[in-house]
Amino acid sequence: MRLPSLPRRYHAASIWLLYAVGFVPAIWCFYLGATGQLVGNPVKIFEHLLGEWALRFLILTLAISPLRDLFGVNWIRYRRALGLLAFWYVAMHFAAYMVLDKRLAFDVIVEDVIKRWFITIGMAALVLLIPLALTSNQWSIRRLGPRWTKLHRLIYPIAAGGALHSCLSVKVIGLEEMIHAGLVVVLIGWRLARKRFLAWKRAARDRPIPA
Ligand code: HEM
């Protein structure tokens, strides 16, 4: 069974809609924070929510190719928007950490990055995300050629780092962290099995039907 595909004339609009919808959780988090509805430790909860959405968007970005390989759903046109949404959520999560959590105390931040492993890993993932966000445009794709594909393979260590960072940031790994980490493992693992699967699918398609 194939999902009905969206007419071409709606493609651009659907991408803009994805950006708009993608920022709704951030707006909602800001609203809850600004109206005092984040009960307990509002800064931590705010930081946590933005981090979670960052990881969710990274997972969705990774899911696009397997969806096409396995189910024939071609949503490649949404991959860039999902990746950029992940980047903006990581940036907001980082800004919340710097400004609200650490109140721009740079000595504490540097110490954190050096001494707390989960922060070191999160920081590395953020740094690696920057060249991907900067080159996520047609001009860079044309300019970099095959190097663009190689560069964008950084998404795998970034997602793995993000999931590991999230697990290490909590005292007890809960269901949510497990699901996120599990999805990242499966989606990265899929890349290892992908070639074989596609070859098998091609062979099955080309096999002559017995008379
Ligand atoms: C790809 C990059 C990143 C991703 C995907 C990410 C994601 C997350 C997630 C999902 C959590 C919540 C874990 C949980 O409670 O289940 C979290 C927590 C946290 N992250 Fe990140 N993060 C990233 C980068 C960073 C960076 C660059 C920093 C700061 C330098 C940072 C600082 C923190 C802190 C301090 C917490 C703990 C908040 C708390 O105490 O509840 N993260 N992150």
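In which loop is Leu104 found? Leu104 is found in the loop between H4 and H5, two of the elements in a predicted model whose protein chain comes to 10 helices and zero strands. Helices (H or I, at least four residues) and strands (E, at least two) are here DSSP runs, numbered from the N terminus. In this predicted model, local features need pLDDT of at least 70 and side-chain atom pairs count only at pLDDT 80 or more, whereas totals for chains, interfaces and linings use all residues. Residues are numbered from 1 along each chain as its sequence is written, and side-chain values use heavy atoms, with hydrogens and water left out.

**Overall architecture**

- From the N terminus on, the elements of the protein chain run α-α-α-α-α-α-α-α-α-α, and the C-alpha trace spans about 75 × 40 × 35 Å along its principal axes.
- Of the 211 residues in the protein chain, 36% are buried, where buried means under 20% relative accessible area, exposed over 50%, and partly exposed in between (1.4 Å probe, protein chains only).
- With contact taken as heavy atoms within 4.5 Å, 67% of the contacts in the protein chain between residues at least 6 apart in sequence join residues at least 24 apart.

**Surroundings of the ligand**

- There are 21 residues around the ligand, of which Glu47, His48, His93, His165 and Glu177 come nearest; a residue counts as near if one of its heavy atoms lies within 4 Å of the molecule or strand in question.
- A polar side-chain atom of Glu177 lies 2.3 Å from an oxygen atom of the ligand, a polar side-chain atom of His165 lies 2.8 Å from a nitrogen atom of the ligand, and for Lys44 the distance from a polar side-chain atom to a ligand oxygen atom is 3.4 Å.
- The elements that give two or more residues to this shell are H3, helix H4 (79-101), helix H6 (117-134) and H9, and the largest share, six residues, comes from H6.
- By class, the shell has nine nonpolar, eight polar and four charged residues, with Ala, Val, Leu, Ile, Met, Phe, Trp, Tyr, Cys and Pro counted as nonpolar, Asp, Glu, Lys and Arg as charged, and the others, Gly among them, as polar.

**Helix H10**

- Helix H10 (residues 175-206) bends by about 50° at Ala193, the bend at a residue being the angle between axes fitted to the seven residues ending there and the seven starting there.
- The buried residues of H10 are Glu177, His180, Ala181, Val184, Leu187, Trp190 and Leu198, and what covers them includes helix H3 (42-71) and helix H9 (155-168).
- An α-helix has 3.6 residues a turn, so residues three or four places apart point the same way.

**The loop between H4 and H5**

- Lys102 is found in the loop between H4 and helix H5 (106-115) and counts as buried because its relative accessibility is 18%.
- Leaving aside its neighbours within four places in sequence, Lys102 is in contact with Tyr97, Val108, Ile109, Asp112 and Arg116.
- Arg103 lies in this loop and counts as exposed at 68% relative accessibility, while its phi is near 45°, a positive value in a residue other than glycine.
- Leu104 is partly exposed, with a relative accessible area of 41%, and its phi, near 55°, is a positive value in a residue other than glycine.

- Thr61, found in helix H3, is buried with a relative accessible area of 9%, and its side chain reaches the backbone oxygen of Phe57 at 2.6 Å.
- Leaving aside neighbours within four places in sequence, Thr61 is in contact with Arg79, Leu82 and Gly83.
- Leu144 lies in helix H7 (residues 138-144) and counts as partly exposed at 23% relative accessibility; beyond its neighbours within four places in sequence, Leu144 is in contact with Thr135 and Leu151.

**Cysteines**

- A search of the whole structure finds zero disulfides, a disulfide being a pair of cysteine sulfur atoms within 2.5 Å.
- Cys29 is in no disulfide, and the nearest cysteine sulfur, that of Cys167, is 20 Å away, which is too far for a bond.
- Cys29 counts as buried at 3% relative accessibility, and Cys167 is buried with a relative accessible area of 14%.

Note on methods
A polar contact is a pair of N or O atoms within 3.5 Å; within protein, one must be able to donate a hydrogen and the other to accept it, and residues adjacent in sequence count only if both atoms are side-chain atoms.
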